[in-house]
Amino acid sequence: RNTDVVMEVGVGLGALTLPLASIAQHVYGYEIDSGIIRFHEEEGDLPDNVTLIHQDILTADFQQIAKLCGGSLKILANLPYSISNPFIFKLIENASLISTATIMLQKEVADRLMASPKTKDYGVPTVLLASCASVHKLMTLKPGEFHPRPKVDSVVVRIDFSEFSKQSVEERNYDYNLFRKIVRATFNQRRKTILNTLSGAGLFGDSIAQDKVANKKITQQTIEQANLKPTDRPETLMFTDFINLAIQVAHNKVKTVHSI
């Protein structure tokens, strides 16, 4: 819309920037390549409502960008596929600042983001992203659509963070860092049961971790109190199951500390 302020990541030669600028109020274009920035400055080929910013998006401060853009971020990105995964994690870490992100990804990366439980593609990025956004496939692009021609299919997805970004911290009622630790701990050894992986994750502090029997007992109790089975494996759990685990771990950790 003509009132939108858009954040574009990966300006390149402006193939997306120009049509964006024709319909948006303003485009802030982030580009890591100083040669490309210099090219546009010398050519003067971008309209006045485009501001180029020379920066590596993976090190950028999204809070500052949100202030610059005047609110929740609307992101469009055409990135080198080599940084797709860290960029997705960057979005997840800044979910509360983002409205939507429309991104072209390598098909296998897009498949992981949209994967269902009990599939090989289901993993850490699937669960973490599902906890804060919904992912919608917009189109598939074959290698012949590009020059030079890539070796893989590409998929454009729209990631909608808008409902999450409207929530307050209190409404989320769980420790996100603990949630993330649990997700990573279980998927790092995805063939093992969640009882075995979480028993070794040090969730209840050093004093409990040193007592293997007590540690395993409280871990099993926590899993069962979250309405899960100790024999479950991570690929069978929904993101809400991991959130329930995080809530229960935090509750039992407090009880454990008070009982010591």
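A residue counts as buried when its relative accessible area is under 20%. In the predicted model described here, Gln106 has a relative accessible area of 16% and is therefore buried. Ser84, at 1% relative accessibility, is buried because that value also falls under the 20% cut-off. Of the 260 residues of the protein, 47% count as buried.

The secondary structure of the protein consists of 13 helices and seven strands. Along the principal axes, the C-alpha atoms fill a box of roughly 70 × 40 × 30 Å. Among the contacts with a separation of 6 or more, 63% are made by residues 24 or more positions apart.

Seven strands form an open sheet with mixed pairing, in the order E3-E2-E1-E4-E5-E7-E6. Strand E3 (50-54) and strand E6 (134-141) are the edge strands, each pairing on one side only. From one strand to the next, the twist averages 20 degrees. Helix H3, formed by residues 62-69, packs on the sheet and touches strands E1 (5-9), E2 (26-31), E3, E4 (73-78) and E5. The direction of H3 makes about 110 degrees with that of E4. Helix H4 (residues 84-93) lies across E1, E4, E5 and E7, and runs at about 170 degrees to E5.

Within the sheet, strand E5 (residues 98-106) pairs with strand E7 (residues 154-160) in the antiparallel sense, over seven bridges. Ile103 has Val157 in E7 as its bridge partner. The buried residue Gln106 is also found in strand E5. When neighbours within four places in sequence are left aside, Gln106 is in contact with Tyr81, Val152 and Asp153. The buried residue Ser84 lies in helix H4. With residues up to four places away in sequence not counted, Ser84 touches Leu105 and Val109.

The largest nonpolar core has 66 residues. Phe62, Ile75, Leu91, Ile159 and Phe161 are the residues with the most contacts inside this core. Helix H9 (residues 176-187) contributes six residues, the largest share of the core. The contacts of Ile159 were listed without residues up to four places away in sequence. On that basis, Ile159 touches Ile88, Leu91, Ser99, Thr100, Ala101, Ile103, Leu113, Leu129, Ala133, Ser134 and Val135. Leu91, one of the residues touched by Ile159, is itself among the residues with the most contacts inside the largest core. Ile103, another residue in contact with Ile159, is the bridge partner of Val157.

The space in the largest pocket comes to about 800 Å³. This pocket is lined by 33 residues, of which Gly10, Asn78, Leu79, Pro80 and Met104 are the closest to its centre. Strands E1, E2, E4, E5 and E7 each supply at least two residues of the lining. Of these strands, E1, E4, E5 and E7 are also those across which helix H4 lies.

Definitions and conventions:
Residues numbered from 1 in each chain as written. Predicted model: local features only at pLDDT ≥ 70, side-chain atom pairs only at ≥ 80, totals over all residues. Heavy atoms only, no water. Pairing = 2+ DSSP bridges. Helix = DSSP H or I, 4+ residues; strand = E, 2+ residues; numbered from the N terminus. Axes fitted to C-alpha atoms, helices over the stretch in contact; angles between N-to-C directions. Contact = heavy atoms within 4.5 Å. Buried < 20%, exposed > 50% of the residue type's maximum accessible area, 1.4 Å probe, protein only. Core = buried A, V, L, I, M, F, W, Y, C linked by side-chain atoms within 4.5 Å. 1 Å grid on protein atoms, 1.4 Å probe; cavity = no way out; pocket = protein on both sides within 12 Å on 5 of 7 lines; lining within 4 Å. Points joined across faces, edges and corners; volume = space filled by probe spheres on them.
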